[in-house]
Amino acid sequence: MVKAGAAAAIVVLIAIIHIANPAFFPHLCGLLARGDITETAEYIQSFGAWAVVFSFLLTLFVNALGFPPAIIFSTANTLIFGIAWGIFLSVVAETVGVALSFVLLRFFFRDAAERVIAKHKTLANIDKYSGRRGFVVMLIARMVPYFPSIMLNALGALSAMRMRDYVLASFVGKFPSTGIEAIIGHDTITQQEDPTRLVVVVILAVVLIVGAWWYEKAAAKKLAAAEESQS
């Protein structure tokens, strides 16, 4: 009953938005289908003083769904608000969006996932590992540019990963990945010829990914050694 009520509330919210502005969803779907970043930026700017709020909610909504690619909106944000503020706005909105996705997916589907996991030893081991080492795993995954967000949302929500680890890892990990995606999109559209900014961000992202991966390998080896000594 609770799940049915939550689903009904989501449907009612969508219906209210449609009644308030019948052209909103068709126009938005058209923008997403065309994938025109410049047109998307112009549409967001048309909201004037409310552009930052609208962009935040739009980026949040897209990341909660996990589709379409968030690069459309992160790049549009850099065109409107500048590189630094555009990336910051995108990362915060994306983090809130994937956190909302985590809550909804876990609420509706975690029980079913647990029943499936319990029947397979390999899945059970992965689930147990995600509960212990979920933060680093999600952090590394979020750092990788262009990785499908919907897969990571499902992985976090349907596993034993703690929400705190999931949200914090997503927030930190999204800075390098969103930065790379947004800067590539921004510089391509504005025809920037100096690659220095992009090179610096890519190097930083590689260092962070390798560092996190090395830390995870060392921590896993240490944990395995400790468990072996106890047994």
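What share of the contacts in the protein with a separation of 6 or more comes from residues 24 or more positions apart? I looked this up and got 75%, with contact meaning heavy atoms within 4.5 Å.

**Basis.** I am working on a predicted model, in which local features need pLDDT of at least 70 and side-chain atom pairs count only at pLDDT 80 or more, while totals for chains, interfaces and linings use all residues. Residues are numbered from 1 along each chain as its sequence is written, and side-chain values use heavy atoms, with hydrogens and water left out.

**Overall.** I counted 10 helices and 0 strands. Helices are DSSP runs of H or I of at least four residues, strands are runs of E of at least two, and both are numbered from the N terminus. Along the sequence I read the pattern α-α-α-α-α-α-α-α-α-α. Of the 231 residues in the protein, 37% are buried; buried means under 20% relative accessible area, exposed over 50%, and partly exposed in between, with a 1.4 Å probe and protein chains only.

**α5 and α9.** I took helix α5 (residues 71–81) and helix α9 (residues 163–189): their axes come within 8 Å and cross at roughly 60 degrees. The axes are lines fitted to C-alpha atoms, for helices over the stretch in contact, and angles run from 0 to 180 degrees between N-to-C directions. I therefore note α5 and α9 as oblique to each other; angles under 35 degrees count as roughly parallel, over 145 as roughly antiparallel, 65 to 115 as roughly perpendicular, and the rest as oblique. The crossing is right-handed, meaning that the near helix is turned clockwise from the far one by less than a right angle. On the α5 side I listed I71, S74, T75, T78 and L79 in the contact, and on the α9 side T178, E181, A182, G185, H186 and I189.

**T78.** This residue of α5 counts as buried because its relative accessibility is 1%. A polar atom of the T78 side chain lies 2.6 Å from the backbone oxygen of T75. Leaving out residues up to four places away in sequence, I found T78 touching I83, G86, I87, A182 and H186.

**V206.** I placed V206 in helix α10 (residues 196–230). Its relative accessibility is 45%, so V206 counts as partly exposed. From V206 to M143 I noted 63 residues in sequence and 8.8 Å in space, C-alpha to C-alpha.

Notes. A polar contact is a pair of N or O atoms within 3.5 Å; within protein, one must be able to donate a hydrogen and the other to accept it, and residues adjacent in sequence count only if both atoms are side-chain atoms.
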